[in-house]
Amino acid sequence: MVMKRKTRKQGNSIMINLPAEFKVEEGKEYSLIKKKNGTIELIPQIENYFDQANPGQFYEPLEWEDIESKGREMDI
């Protein structure tokens, strides 16, 4: 979907209105990245990234938890 928008000045900032069809929440925080070619990316901030993670996405299942130690492996 390509739409044209004009920038406008508000105080010392330049503003761009986003259309309602984009369903951007009011008060949502975004990181802004300006690329060398002039493209501006808006990346929504996630409160807790791990809340949306799938099981096993950031860790490996404990494959060895039910194996008993033999010898001095657990000596500190």
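Lys35 is partly exposed in this predicted model, with a relative accessible area of 38%. Its partner is Glu41, and the two side chains meet in a salt bridge, with 3.1 Å from N to O. Glu41 also counts as partly exposed, at 29% relative accessibility. Both values fall into that class because they lie between the 20% limit for buried and the 50% limit for exposed. Side chains of opposite charge can pair when their charged atoms come close.

Now let us turn to the strands. Strand β3 covers residues 30-34 and strand β4 covers residues 40-44. How do they pair, in the parallel or the antiparallel sense? They run antiparallel, and five bridges join them. Within this pairing, Leu32 stands opposite Leu42 in β4. The two strands form a hairpin, with five residues between them. In the turn you will find Gly38, which has a positive phi of about 95 degrees.

Leu32 and Leu42 lead us on to the surface, where both belong to a nonpolar patch. Another member, Ile40, is found in the patch as well, along with Met1, Met3, Ile16, Leu18, Phe22 and Val24. Together these nonpolar residues have about 900 Å² of accessible area.

Where does Val24 sit? Look in the loop between β2, residues 13-15, and β3. Val24 counts as partly exposed, at 37% relative accessibility.

Methods
Residues numbered from 1 in each chain as written. Predicted model: local features only at pLDDT ≥ 70, side-chain atom pairs only at ≥ 80, totals over all residues. Heavy atoms only, no water. Salt bridge = Lys/Arg side-chain N within 4 Å of Asp/Glu carboxyl O. Buried < 20%, exposed > 50% of the residue type's maximum accessible area, 1.4 Å probe, protein only. Pairing = 2+ DSSP bridges. Helix = DSSP H or I, 4+ residues; strand = E, 2+ residues; numbered from the N terminus. Patch = residues over 30% accessible without salt bridge, like charges linked within 9 Å, V, L, I, M, F, W, Y side chains within 5 Å. Areas by Shrake-Rupley, 256 points an atom, 1.4 Å probe, with all protein chains shown as cover.
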